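Have it open beside you as you read, and take the points in order.

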Amino acid sequence: MRWHWKTCLASALACVLLWGAPVLRANEGGEQLVYEVFQHLDKSYVARDHMDLELMLDRAMERLSRAYPEVLYTLEKSGGGVRLKLSVNKVQMTHQNIRLSDTARLIRLFGQIHGFLQSNLSTAPDPETTARLMVEGALSALDPHTTLLAGSILERFQTATTGKFGGVGLVVGLRLERLTVLGLVKDSPGAAAGVLAGDQITHINGQATQGMDMNEVQSLMHGTVGSKVTLLLRRVGAPKPLQVTLTRAPLRVTSVDSHLFSEGEDRLVGYLRIRSFQETTSGELASAIDQLVVNHPGFQGIVLDLRGNRGGVLEQGVRSAGMFVERGVIVKVRKPGQIETQKARWQQTVNHSPLVVLINDQTASAAEVMAAALKNNQRALVVGSRSYGKGSVQGVVMLSNGMALKLTIADYLTPGDLSIQGVGVVPDIALYPLAAGPDLYRLRLVDPPRAEAPFVLSSDPPKPPEKPLAVLSYLADSSDIALPDSVPLSDNPAERQKLLDHDLVITLGRNILMANGRLDYHNLAQSAQTLVNRERPRQQQKLEETLAAQGIRWSDGPNLESKAKITRVEVDTAQGSGFTQPKGWVTAGSRVRLTLTAANTGEAPLHRVLGVASSPEGLFEDIEFPLGTLRPGETRDFKGTANLPATLLLGVRPVELTLLGSHGQVLHQTQVFLPVRPRPRPRYRVTVDTFDNGSRGSKGNGDHKPQAGEILVFQVRLENLGLGESPGGKLLLGRRRKGSDSLLARTAFGEIKPDKSFNGALKLAVRQEITGPLSLFLRVEDSQFPEASVEREILLTPYAPMGRLIFQPPLIQVNAIDPVQVSPQTGLTGVIQDDDTVKEMVILANGRKYFYRPQLDPAHRQKLNFDSYVLLEKGQNHVVVEAWDQEGLPSRWEMNIWRGELGGLPVAGLESFSR
């Protein structure tokens, strides 16, 4: 089986593997992990001179504080250093004026913290767990890619870079919430068994796939080579479901697709797509080029598609770029104390054919290296949208405990010594797809937001980004199908041609090459600009006509000085099929319609007036209000809609509204607030009965003890005790393993109304004798509200019968809090209740823990009162109350508090609210 790693492992980009690096020293109690990690940071981390050791300490303490409820800490400036106060169950440790001048001091401090926690936590944790938490927290202060890898995550990382794995050769994904075969690996078990693209997989080894996520599908489809997996397929036109049993085989996934476009014997354009860079990519690319160029000499050029290519092995990106470049720099790799310049030195396959490279905002890492090398060496014309902007290289080193450290070991500079970190590759021909309603409007020419978080790699000042040679905005049509980068192209030429013809960007690349009368690169830019200049007015006319049909005048005009302002903002929420004006609050999960009214208060007409809404949480991100032409004194309004997430918390949400003119000039800005009432959450009580007596599908002798050859059935009753309806979810039975979970059984459940229940069964085949305690977990996973999910350990032993298990998380009740405050401090009072025992609770604000209280009253163990406070920052504050019962089951309550005056007229009036 082949996986679309972009979704589940987006950080596995541009990696150099450094397996088997030496270990510094061995220490007891998990300290070895700390020493090993910092050894490699000191030796290889690209920005080691920019490591903020105080921030690393703060992040480490924050991670420990979140993992262990009784841990409280403060870290503040003191003299020339910092002061750390750490307390566990009223036992304190204080370090005054800590000066973290090097990592050795931080390592020593980590050792002291580690020892203090191991000695004073109420239940001493595994020493390596404490060390791992500190390391993970410290690494989070560096960059988005430096992290620890373990278990299945490490396995996927290795698979993503080698392209080798055992599976059945099916490319799968969700289509209309159904697990669907999107494509097949050539000569794979799936292809040999007659599985077709479009088949829906309803069951895997007897387990229904409805509601499965991709990680679950992976765990069921992957396995040892030679083992079998049984699929139940639903196929269009088939009278009944099809069952196929496939034998897993070692697979190597190809990364290069090719096609030949022909418009006559002398008018040929090649198409090459590189989906990722793995160890075999350059060889695959060379073969594909030979088939196109050698066999078809009458060539107009090649369209090289790097859209959606998230990178992979950097060396393969360099080798692939070198196939098109006769001489020159491909990339400079900057490591601590050295710069390695990699030039075109591989065997060139095609040096002279004109080349158009396609990129988008998901082109990253090694793919960006290739695109930048071809562009800056004037070897190719780059077309599309600005790329992702990942300018760093990661290495992976195995640690002695079986985990691995992935760390950023270098950054790279493109020819011309340009860094693309956080900037990306700017295309020569920048494309901006537009949308003109009626459900969606995208009329501004803006680049997608940079997904790569900024971080310091070098002390060199950044160079300004380049500008495109030409810009083309076009009205995207519903028939414009973006080529899925995870799916290999069909072997059928007609199907392949049909798919490629529907891709507008590929068509533009072909047209640029076809219009290029001379077979050289230097004519490409002129041909492309001529083509864009010819296409631009046609696209503008198409846009104006589309908007005119909706009553919007979108013609352009002179950019005269004039004035306009937003005069009114209203909000409606959906009730049934329409909208009605709410009284005060809007509810999370509802459909909201914002009505923006604006007036031209100047003496000259305004053209292409556009309102834009945005919010820090992205609730109304880039909702556009095309008002069009506003004559002097004229007032117009427009309505934009958005679906509020069902998970929104209690609080007010600021919404920024900006009025733009025809050339992007800001005409007016204002801020309004949307008060949001949360949806009531479900709350689950779980009852588990175990059968091994032959009933309910079980198999065994009925002694309620697990023995080899038996089939255990865990009968689960799921009751909703909450005030809100459960949206449904999954029951999962698994085994906890180091670094990852092993899923053993699952079943889905649908909506559960308050005071209603669901009954489901989970089967477990006992394949070998159990000689000691076997720890499993039972997880109730809510599909919409993560905080409602619950998990409990199930301990199987050969000597004790399995009895009924009943569990539910504690109930948190917080007294009413005003969601808008001006004071920098607010109190929190309430009570935690549980059917058995409330163990402890904490209060946090903006991720910082302010309060901890354990249960100290054995006479009233089912209740725990609290009365505390939190400090509020200006603007939005996230306040959380968490509690645990005696078995460690967590419960969570949270809300947002806005500190400050409401700077604009609220779009819905505030009213009293209690919870």
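1. Let's begin with a pair of neighbours: strand 21 (residues 392–398) and strand 22 run antiparallel and are joined by seven bridges. One of the pairings to look up is Val397, whose bridge partner in strand 22 is Leu405. Strands and helices here are DSSP runs numbered from the N terminus, with at least two residues (E) for a strand and at least four (H or I) for a helix. Two strands are said to pair if DSSP finds at least two bridges between them.

2. Before going further, please note that this is a predicted model, in which local features need pLDDT of at least 70, side-chain atom pairs count only at pLDDT 80 or more, and totals for chains, interfaces and linings use all residues. Residues are numbered from 1 along each chain as its sequence is written, and side-chain values use heavy atoms, with hydrogens and water left out.

3. What lies between strand 21 and strand 22? The two strands form a hairpin with five residues between them, and Gly402 in the turn has a positive phi of about 95°. Strand 22 and strand 23 (residues 418–419) run antiparallel and are joined by two bridges, with Thr414 opposite Leu418.

4. As background, strands of a sheet pair through backbone hydrogen bonds, either parallel or antiparallel.

5. Is strand 22 enclosed or open to the outside? Strand 22 (residues 404–414) is largely enclosed by the rest of the structure, because 11 of its 11 residues are buried. Buried means under 20% relative accessible area, exposed means over 50%, and partly exposed is in between (1.4 Å probe, protein chains only).

6. Met403 deserves a look too, in the loop between strand 21 and strand 22. At 7% relative accessibility, this residue counts as buried. Which residues does Met403 touch, not counting residues up to four places away in sequence? They are Arg132, Leu148, Leu149, Ala150, Val397 and Met398, where contact means heavy atoms within 4.5 Å. Met403 and Ala150 are 253 residues apart along the chain, yet their C-alpha atoms are separated by 4.8 Å.

7. Helix 11 (residues 366–376) is largely enclosed by the rest of the structure, because 10 of its 11 residues are buried. Among the buried ones are Glu368, Met370, Leu374 and Lys375. Just after helix 11, Gln378 takes a positive phi of about 50°.

8. Now turn to a pair of helices. The axes of helix 13 (residues 504–515) and helix 14 (residues 522–548) come within 9 Å and cross at roughly 120°. The contact is made by Leu508, Asn511, Ile512, Leu513 and Ala515 of helix 13 and by Leu524, Ser527, Ala528 and Leu531 of helix 14. Axes are lines fitted to C-alpha atoms, for helices over the stretch in contact, and angles run from 0 to 180 degrees between N-to-C directions.

9. Strand 3 (residues 81–88) and strand 4 pair over six bridges, and Leu86 has Met93 as its bridge partner in strand 4.

10. One more sheet to visit: five strands form an open sheet in the order 29-35-34-31-32, with mixed pairing. Strand 29 (586–587) and strand 32 (623–630) are the edge strands. Strand 29 pairs with strand 35 (residues 666–677) in the parallel sense over two bridges, and Thr587 has Arg677 as its bridge partner in strand 35.
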